Amino acid sequence: MAEVNTTSMTRRATRRPTATATLAATAVALAAALAAPATANAQDSSEALVQLLPAPNRLVAWGGSPTGACAGAVSTSLRGDGYPGSASVSWAFAVVGVGPCALTATLSWRNLDTGTSGQKVAQIPHPRISLGIPDPIAHPYDAIIPTGSGRVEYRLTTTGGAVAGPVVVDTVAYTG
C-alpha cells in the first residue's frame, strides 16, 4: 500500500543552481545591461558592445571574477601608430553581477625585436560598463605603452582566469 502524508506538510528538495543556469543568468543580465543606457559619464552602451567584439588588434577576454559574483568581458584595442615608439591601448569592459568583483585585467606585452617587456593593469572593482578614460584607467597617459618600435606581442589575462591573445601589432619608429 502507498504511504499517505498525514502531516499536511510537504518537502521540497533544495536545488543549487547549475553552471548552465548561472551562465544563462549572466548572459541575460549582460544583454540587459548592454541594451540599457550605460552608467553616468560613460559612453553609450552600444559603443561598449562594439568594443567587446573581436576585431584586428583587439583582445577580448570573457569570464568571471575572483569573487564569483560578476562576469562579463574585458577588451583592449591596440594601436602601434598612435605615438612614435609607443603603442596606445583603449580599454572597454562590460561586467555585470552583484557586490564587489575585485577583477584585475593585465595587458602584458613583449617587443619581439628588442626583448623589452612590460604590462598595463586595469582594476574593475564592481559591476560596470565602461570605455577607456577615465575608467578603468585614471589618466590619458596610462593609455600610452612605451614598447619601442617593432613587432610587439600582447596578451590579456584577468584574475578571474580569462585569457586572450596573443596578438602582434607593429609599432612605428620615432622619426623625429
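I began with exposure terms: buried means under 20% relative accessible area, exposed means over 50%, and partly exposed lies in between, with a 1.4 Å probe and protein chains only. I am working from a predicted model, where local features need pLDDT of at least 70, side-chain atom pairs count only at pLDDT 80 or more, and totals for chains, interfaces and linings use all residues. I number residues from 1 along each chain as its sequence is written, and side-chain values use heavy atoms, with hydrogens and water left out.

**Entry: G99**

I looked up G99 and found it partly exposed, at 41% relative accessibility. G99 sits in the loop between strand 3 and strand 4. For contacts I used heavy atoms within 4.5 Å. Setting aside neighbours within four places in sequence, G99 touches C70, H126 and P127. The C-alpha atoms of G99 and C70 are 7.9 Å apart, although 29 residues separate the two in sequence.

**Entry: the whole chain**

I took helices (H or I, at least four residues) and strands (E, at least two) as DSSP runs, numbered from the N terminus. The chain has two helices and nine strands, and their order from the N terminus is α-α-β-β-β-β-β-β-β-β-β. Of the 176 residues, 37% are buried. Among contacts between residues at least 6 apart in sequence, 59% join residues at least 24 apart. I noted an accessible surface of about 10400 Å², with 58% of it belonging to carbon and sulfur atoms; the areas come from the Shrake-Rupley method with a 1.4 Å probe, and for residues only the protein chains shown count as cover.

**Entry: a hairpin**

I count two strands as paired if DSSP finds at least two bridges between them. Strand 4 and strand 5 (residues 117-124) run antiparallel and are joined by eight bridges. W109 has G118 in strand 5 as its bridge partner. Five residues lie between the two strands of this hairpin, and G115 in the turn has a positive phi of about 85°.

**Entry: the cavity**

On a 1 Å grid over the protein atoms alone, a cavity is a set of points where a 1.4 Å probe fits but cannot get out, and lining residues have an atom within 4 Å of a point. Grid points are joined across faces, edges and corners, and a volume is the space filled by probe spheres set on the points. I found one cavity of 30 Å³ or more, and the largest cavity has a volume of about 60 Å³. It is lined by 14 residues, with G63, G64, G72, V74 and L103 closest to its centre. Strand 1 and strand 2 (70-83) each give two or more residues to this lining, and strand 2 has the largest share, with five.

Most residues other than glycine have a negative phi, and most peptide bonds are trans. Which residues did I find with a positive phi despite not being glycine? N57 has a phi near 60°, and A102 has one near 50°. N57 lies in the loop between helix 2 (45-51) and strand 1 (58-64) and is partly exposed at 32%. A102 lies in the loop between strand 3 (86-97) and strand 4 (103-111) and is partly exposed at 44%. I also found a cis peptide bond between G165 and P166, with omega about 10°. P166 belongs to strand 9 (residues 163-171).

Notes
1 Å grid on protein atoms, 1.4 Å probe; cavity = no way out; pocket = protein on both sides within 12 Å on 5 of 7 lines; lining within 4 Å.
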